[in-house]
Amino acid sequence: MRRQALPFFENLNRSILGCLNSAIASLSETRQAHAYILKSGVCSDTIISTRLISLYANHRCFAEADLVLNSISEPSISSFSALIFAQNKFNFFTHSLNVFSRMLSHGILPDTHVLPNVVKACGKLSAFKLGREVHGFVCKYGFDSDSVVQASLVHMYLKGDRIKDARNVFERLPEGDVVTCGALLSAYARKGCVNEAKEVFYRMQSFGVAPNLVSWNGMITGFNQSGNYEEAVVMFQEMHSKGFLPDDITISSVLSAVGDLGSLNMGIQVLGHVIKLGFFHCKFVISALMDMFGKCACAGELIKAFEETDAEVKDVGACNALITGLSRNGLVEVALEAFERFRVLGRELNVVSWTSMIAGCSQNGKDIEALELFKKMQCAGVKPNSVTIPSLLPACGNIAALIHGKAAHGFALKAGISNDVHVGSALVDMYAKCGRIHLSRLCFDRIPNKNSVCWNAIMGGYAMHGKAKEAIDIFHLMQRRGHEPDYISFSCVLSACSQGGLTEQGWQIFNNMYRDYGIEAKMEHYSCMVNLLGRSGKLEEAYAMIKQMPFEPNACVWGALLSSCRLHNNVSLGEIAARNLFELEPSNPGNYILLSNIYASKAMWDDVDAVRDIMRSRGMKKNPGCSWIEIKNQVHMLLAGDKSHPQMTNIGEKLYELSLEMKKAGYLPSTELVLQDVDEQDKEQILCGHSEKLAVALGLLNCPPGSPLQIIKNLRICGDCHAVIKFISGFEGREIYVRDTNRFHHFKDGICSCGDYW
């Protein structure tokens, strides 16, 4: 009987082993083999059970694999490693580490095949504490002489952005490989560590490792991402000189770097490679080429590149490059037309497309269009992201569309992106521009990881509201929290000093900028100081500062002096500032108007006529006063002297009623502010037509009693309007927020937050 059973068992064994040794055994076959093994009583065989574990694991049946592993009385390292390999393969890294832990509990030490898988799992799970423990195990048991194990540790530390630890392990590698070297130099390049990246790159040869295309791309792409554009271009040139042919990744990266450098000549040379290597059919390259033309202010070439590209290559990336490039060059109307054409044609438009168009509108004065696009984006089913919201919020702030801004804030909260540093900074800025500085501070305080943009946004907000003390407090708090101020921080705090008339503090901060922080004064800092000195009446001191500047003053600096001369009616210095501005900005009518107003304030009517004759001869017109007010989720625009608004009759009647009440209270119109040679009655009529008064009256007619009014003015508010709105705020019991080109005015109970200093 025993002799008859033996051949059968041998045949059964061979059948089972044939299945187990098959790399393509199905799950059904694996389970059948498992059943035969259990019946035959050979399940205690470690080799057979290990093979069975491997088959189950490769079918992702980890529960069955685990049962088999638990059934082995004396499992070997192969039994555990089979399961660890498979779980890593299918990204079950937590399970992989659990199996490793069980392996150690059995007293089985890992080998050079298991350790790289365990280290990889630690990196993927960001379990760097455990990873360091494994590293210690590697050193303790002498595995640090194995190149594969050491290389896995390098990759793990790079995954955790621990480049110093990665470099320490790299230095102990017995022999390098192109993948590990490439990973390290790419990490250095992305960090902007130019010297370290090049050192690793050139040391590869000492390992006997020749750089490959991936290595070159790692350097070029990394330098591009870290803003080292010149280094990226230099590496591309060196790569070319060494005889390496670029691929689409190389070309896309170097075109991006060339665009950021604004080097059209270099871009044309790279275009030669595109033509020579036949990359015109590569979507990534075409998008990068168009982006380069846009950054180099070559809108014509950008449009031509898009039009001449084959239809199958014109994907969403190319459309986005066209929209962004046109907007970047101020051709937002053309960009909008292209965007709408893409929509009509049914082209794929993603969140980047919509965000690019919204950003283009926000940055080019198309704020209402940006708000409309955001609505359409949501109707189209495209979900805004943490880039869309910061692109939209400036549009809300620009026209004080508080309701829209709050709606965007609500969306950010629902989407869980309100704590994003870019979203948070944009919210701080939006609320400040909408006159709600307390909400601005609330958003600022809720940002968990603040960067310099956040600090500068709240400082700029306080400056805009004339809260100099609060801005200075934030400036000092920023430093106590370990953040070094940058040149924008100093612009914000100097602007705040200017708004608050804090001349001594402004001088102190300006002088400390280089001495204590190593930041050399830029044009905007001098502009702030000229404004600070000029507004406080120290016009000669401001002019002396301009003459001592280490570089030629620009229009902002001379404009600050001219505005101060208008404030104090200083003719001689006003003429000097104006002459310089006429050379720098010959087509800017605002400079001519300011000089004309200085002459008019001194009743120098012949000089007023001479300036206006020059304007007429050059075809220049005064920019009309314009104000915006948001009522019931709609933004209304009113122009000075304009009669086209449908409620203009009611607005006029309301202003007339208010004027009677003001005269009863002893108010007289400031007709001296009308700088025209007309009679007093005409002057009163001109004052009544100022756009901010029209906007306030419209708000009184349409907003519930006691509710605040929010107005934006494109010019500096005049003294008469300021006095009128102060009266209205007390008489009507309203809070009225007015933002002019200079600052915010918060009117309440007949008082303005500026203290009549603006």
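**Helix packing and cores**

Modeller: Helix α5 (residues 77–89) packs on helix α6 (residues 93–105) at about 165°, with axes 8 Å apart. Helices here are DSSP runs (H or I, at least four residues), numbered from the N terminus. Axes are lines fitted to C-alpha atoms over the stretch in contact, and angles run from 0 to 180 degrees between N-to-C directions.

Colleague: What does that make α5 relative to α6, roughly parallel or roughly antiparallel?

Modeller: Roughly antiparallel, a label for angles over 145 degrees. This is a predicted model: local features need pLDDT of at least 70, side-chain atom pairs count only at pLDDT 80 or more, and totals for chains, interfaces and linings use all residues. Residues are numbered from 1 along each chain as its sequence is written, and side-chain values use heavy atoms, leaving out hydrogens and water.

Colleague: Which residues of α5 meet α6?

Modeller: I77, F80, L83, I84, Q87 and N88. Their partners in α6 include F93, V99, F100 and M103. Contact means heavy atoms within 4.5 Å.

Colleague: New topic. Which residues touch the most other members in the largest nonpolar core?

Modeller: M290, M357 and L561, out of 206 residues. Helix α25 (residues 421–433) gives the most to this core, eight residues. A nonpolar core is a set of buried (under 20% relative accessible area, 1.4 Å probe, protein chains only) Ala, Val, Leu, Ile, Met, Phe, Trp, Tyr and Cys residues joined through side-chain atoms within 4.5 Å.

Colleague: What is L561 in contact with, neighbours within four places in sequence aside?

Modeller: V530, L539, A542, Y543, I546 and A577. Apart from that core lies another, of 29 residues, L638 and L655 among them.

How values were computed. Buried means under 20% relative accessible area, exposed over 50%, partly exposed in between (1.4 Å probe, protein chains only). Helices (H or I, at least four residues) and strands (E, at least two) are DSSP runs, numbered from the N terminus. Angles under 35 degrees count as roughly parallel, over 145 as roughly antiparallel, 65 to 115 as roughly perpendicular and the rest as oblique.
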